[in-house]
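Dear colleague,

I am passing on the structure we spoke about. Please look it over before reading the notes that follow.

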Amino acid sequence: MPVLLIGSTGMGKSTFGNYLINPDEAHMYDNQTFPIATDNTPMTQDVKVVDKKVQIEGGRDVFLQIIDTPGLNESAEKDLSHMIDIIKKLNECEEIKACILIVKFNAKIDAQYRATLKYYSRLFPDLFESNVIIVMTEFKTDEDSKALRKRQRIDVEQIKRNTISELCKCSDKKLTYSPQIFMIDCLAIQDAAIKISQNVRRAILDYIFQLQPKK
């Protein structure tokens, strides 16, 4: 199951990729498949492709191929290098199951975000026709975070609608479907929040598995 991760720099692509492969704490913090930056410096500078066996609904094991991409719009020179690398790596894949757009919950939809969407929608029009999934990272589910969102009058459903709307506007082809959105906290600490995130991870894997791959 080849899965492409896209998104602007700093949205949590590598963290999410690690969580999708293995949500175990030791893997997320000490023995990461995709290295995570400890400061504001972008960590992913090359396309990384990793094959791992994961378990989906019903206890069935499948091989998941995660394609982690660097964020675009760092500089014209870096962007060109990244684009060439992305195309070379993806030409090696016969098909792709899903294109997962990673965006932090309540992140500002800026020019960098829009440019990333436009680039990938033009590069992979068939994927954008039906196989785009939106994953919002750093969505806290503990009671304090819920109370804070309520106090700040943050409308979660409106944020979802805005994100889908932005994706549709930036896509090179008019989308005829509403992309599936998942919200997750890959670094949850409390037991209840950890369980919620693990359930979301399973739902994402199950959803990816039922998609028809695109050549």
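Is Cys-168 buried, partly exposed or exposed? The model is a predicted one, and in it Cys-168 is partly exposed, with a relative accessible area of 29%.

On cysteines in general, a search of the whole structure finds 0 disulfides. Cys-99 is in none, the nearest cysteine sulfur being that of Cys-93 at 12 Å. Cys-168 is likewise in no disulfide, and its nearest cysteine sulfur, that of Cys-170, lies 9.6 Å away. Cys-99 is buried, with a relative accessible area of 0%.

Next, the sheet. It is open and has 6 strands in the order S2-S3-S1-S4-S5-S6, with mixed pairing. S2 (48-55) and S6 (180-183) each have a single partner strand and stand at the edges, so one side of each is left without a neighbour in the sheet. On average, neighbouring strands are turned by 25 degrees against each other, direction ignored. S1 (residues 2-6) and S4 (residues 98-104) run parallel and are joined by 4 bridges; Val-3 stands opposite Ala-98 in S4. Helix H8 (residues 191-210) packs on this sheet and touches S1, S2, S3 (61-68), S4, S5 (132-137) and S6. The direction of H8 makes about 155 degrees with that of S6.

Last, the charged pairs. The count comes to 7 salt bridges, including those below.

- Glu-95 and Lys-215 meet through their side chains at 3.8 Å, N to O. Glu-95 lies in the loop between helix H3 (76-91) and S4, and Lys-215 in the segment after H8, so the pair ties together parts that are 120 residues apart in sequence. Glu-95 is partly exposed at 27% relative accessibility, whereas Lys-215 is exposed at 80%.
- Lys-104 forms a salt bridge with Glu-138, with the closest N and O atoms 3.6 Å apart. Lys-104 is in strand S4 and Glu-138 in the loop between S5 and helix H6 (143-151), so this pair ties together parts that are 34 residues apart in sequence. Lys-104 is partly exposed at 28%, and Glu-138 is partly exposed at 47%.
- Lys-160 pairs with Glu-157 in a salt bridge, the closest N and O atoms being 3.4 Å apart. The two are 3 residues apart in helix H7 (residues 156-170), and are therefore separated by about one helical turn. Glu-157 counts as partly exposed, at 42% relative accessibility.

Regards

Methods. Residues numbered from 1 in each chain as written. Predicted model: local features only at pLDDT ≥ 70, side-chain atom pairs only at ≥ 80, totals over all residues. Heavy atoms only, no water. Pairing = 2+ DSSP bridges. Axes fitted to C-alpha atoms, helices over the stretch in contact; angles between N-to-C directions. Contact = heavy atoms within 4.5 Å. Disulfide = S-S within 2.5 Å. Buried < 20%, exposed > 50% of the residue type's maximum accessible area, 1.4 Å probe, protein only. Salt bridge = Lys/Arg side-chain N within 4 Å of Asp/Glu carboxyl O.
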